Amino acid sequence: AHAARVRADAKAAEATAQEVKAAQAANAAVNLANQAADEAVQSLWAADRTKSEAEAATTEAVAAAAQAEIAIAAASAASASSAGIAEPHNTALAMVTPFTGADIDADFVKLVAEQAKSIGDEQAAAAKKRAAEAVVAADKAQQAADRANAQVTPAYVAAAQAARSAAEAAQSAAEAKLAAAQAAAEAATARAAAASA
């Protein structure tokens with residue numbers, strides 16, 4: 001009887017130790033599941049942010065392209081305006097050239113005509129430069145939008161993988177809790193057997 005009691009006590013002690021280990025494993029599994037769930041949520045937020053940034057970059061690219069079109073149209077208009085100045089400039093010079101040097105009004109007309117042509121040329125050149133800069137800016141904005149949009153899909157794939165990991169961790173936690181409950185039941189049975197031995 002004494003030997004049976006010793007064996008029963010040893011069994012109860014072993015079952016209790018297994019119960020403690022199972023409970024610790026279940027707690028660790030629950031913590032990992034919670035951590036995986038947090039990471040899944042953060043991954044989804046990151047994917048949403050990436051998508052928002054890509055949408056903003058695309059909007060910016062569209063705006064830059066529109067600005068480039070406006071700048072090109074302005075450059076074309078400035079060139080046409082500059083060309084339009086050339087004919088009156090030439091006419092004015094032809095009319096006043098015989099009188100320049102002798103007539104102060106003729107000198108003034110010549111000066112005004114030359115300044116008008118110079119200003120027109122400067123404005124046309126400046127508009128062309130702005131148009132070229134706008135085209136470069138539009139290209140850069142489009143490239144940025146393309147890069148941002150290329151990052152959207154991988155971000156959502158990562159979010160889906162994180163969600164899968166969270167689900168697997170939750171499954172592991174559930175299994176660990178079940179194992180802990182079974183170990184607790186076995187320990188209780190072993191302790192009861194030891195008490196009645």
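Here is a talk through the fold, the surface and the charged pairs.

Tutor: A word on the ground rules: this is a predicted model, where local features need pLDDT of at least 70, side-chain atom pairs count only at pLDDT 80 or more, and totals for chains, interfaces and linings use all residues. Residues are numbered from 1 along each chain as its sequence is written, and side-chain values use heavy atoms, with hydrogens and water left out.

Student: Okay! How many helices and strands does the chain have?

Tutor: Helices (H or I, at least four residues) and strands (E, at least two) are DSSP runs, numbered from the N terminus. Here you get two helices and zero strands. The radius of gyration, taken over C-alpha atoms, is 42 Å, well over the 16 Å from the globule rule for 197 residues, so the chain is more spread out than a compact globule. That rule is 2.2 Å times the number of residues to the power 0.38. As for the box filled by the C-alpha atoms, it is roughly 145 × 25 × 15 Å along the principal axes.

Student: What share of the contacts comes from residues 24 or more positions apart?

Tutor: A contact means heavy atoms within 4.5 Å. Among contacts in the chain with a separation of 6 or more, 90% are between residues 24 or more positions apart.

Student: Now the charges. How many salt bridges are there in the whole structure?

Tutor: The general idea is that side chains of opposite charge can pair when their charged atoms come close. For a salt bridge, we ask for a side-chain nitrogen of Lys or Arg within 4 Å of a carboxyl oxygen of Asp or Glu. The search finds four.

Student: Which residue does Asp-9 pair with?

Tutor: Its partner is Arg-5, with the closest N and O atoms 3.6 Å apart. Both sit in helix 1 (residues 2-96), four residues apart, which is about one turn of the helix. Asp-9 is partly exposed at 36%, and Arg-5 is partly exposed at 32%.

Student: Where do Lys-51 and Glu-55 lie?

Tutor: They are in helix 1, again four residues apart, about one turn. Lys-51 is partly exposed at 38%, as is Glu-55 at 44%.

Student: Last one: how much of the accessible surface belongs to carbon and sulfur atoms?

Tutor: Accessible areas come from the Shrake-Rupley method with a 1.4 Å probe; for residues, only the protein chains shown count as cover. The chain's accessible surface is about 12,700 Å², and 61% of that belongs to carbon and sulfur atoms.

Terms used: Buried < 20%, exposed > 50% of the residue type's maximum accessible area, 1.4 Å probe, protein only.
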